[in-house]
Amino acid sequence: MNRFWTLMSGLHQLAGPVTMLLYPLYASVVAIESSSKQDDQQWLSYWILYSFLTLMEMLLAPLLEWVPIWYDVKLIAVAWLVLPQFRGAAFIYDKFVREKVIKRYYPGIGGGEFKLSSPNGNGKMKNKLVDLMTTKKSS
């Protein structure tokens, strides 16, 4: 029975890195090589959310040390984000992150697809993106 618990403990320790890193890395490479944009959105969304989760975990580490099931909760949450049956990362991005980004940086867009150029073709939204991404030099 002791060997069984040792095996289960080892599998539990491996489940995190496999679920949170190895499979997403593999799936991201496959998504880059495919022609579908849907899988690109899933994996870019995953990496955004995983980075945010990791940052929050680092900041809240003193509190999370007192939560004995934190690792298991995180593993289940990340499995929901990763597994293609759920597409959790794309769901969270569509429902929460995209709305915040559009409201903050592109208030003229009411909904629908996120585009870099405006419908009338005047290029204002593209210019906003360029302004956002480039640093302004002070004179």
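**α2 against α4**

I started with helix α2 (residues 37–59) and helix α4 (residues 70–82), whose axes come within 10 Å and cross at roughly 165°. My note on terms: helices are DSSP runs of H or I with at least four residues, numbered from the N terminus. Axes are lines fitted to C-alpha atoms over the stretch in contact, with angles from 0 to 180 degrees between N-to-C directions. The model is predicted, so local features need pLDDT of at least 70 and side-chain atom pairs count only at pLDDT 80 or more, while totals for chains, interfaces and linings use all residues. Residues are numbered from 1 along each chain as its sequence is written, and side-chain values use heavy atoms, leaving out hydrogens and water.

Parallel or antiparallel? α2 and α4 are roughly antiparallel, a label for angles over 145 degrees. I also noted that their crossing is right-handed (the near helix is turned clockwise from the far one by less than a right angle).

Next I looked up who touches whom, contact being heavy atoms within 4.5 Å. From α2, Gln42, Trp43, Tyr46, Leu49, Leu53 and Glu57 meet Trp70, Lys74, Val78, Leu81 and Val82 of α4. I sorted these contact residues into eight nonpolar, one polar and two charged (Ala, Val, Leu, Ile, Met, Phe, Trp, Tyr, Cys and Pro are nonpolar; Asp, Glu, Lys and Arg charged; the others, Gly among them, polar).

**Aromatic rings**

How many aromatic pairs does the structure hold? There are six. Rings of Phe, Tyr and Trp (its six-membered ring) pair if their centres lie within 6.5 Å, and planes over 60 degrees apart make a pair edge-to-face.

Tyr23 and Trp43 are edge-to-face, because their planes sit at 75°, with ring centres 5.8 Å apart. Tyr23 lies in helix α1 (residues 2–33) and Trp43 in α2, so this pair ties together parts 20 residues apart in sequence.

I checked burial too: buried is under 20% relative accessible area, exposed over 50%, partly exposed in between (1.4 Å probe, protein chains only). Tyr23 is partly exposed at 32%, whereas Trp43 is buried at 8%.

Trp43 also pairs edge-to-face with Tyr46, at 5.7 Å between centres and 70° between planes. Both lie in α2, three residues apart, about one turn of the helix. Tyr46 is buried, at 0%. Ring pairs link Tyr23, Trp43, Tyr46, Trp47 and Tyr50 into a cluster.

**Ser28**

Last stop: Ser28, in helix α1. Ser28 is buried, with a relative accessible area of 12%. Leaving aside neighbours within four places in sequence, Ser28 contacts Trp43 and Trp47.

Methods:
Helices (H or I, at least four residues) and strands (E, at least two) are DSSP runs, numbered from the N terminus. Angles under 35 degrees count as roughly parallel, over 145 as roughly antiparallel, 65 to 115 as roughly perpendicular and the rest as oblique. Rings of Phe, Tyr and Trp (its six-membered ring) pair if their centres lie within 6.5 Å; planes under 30 degrees apart count as stacked, over 60 as edge-to-face and the rest as tilted.
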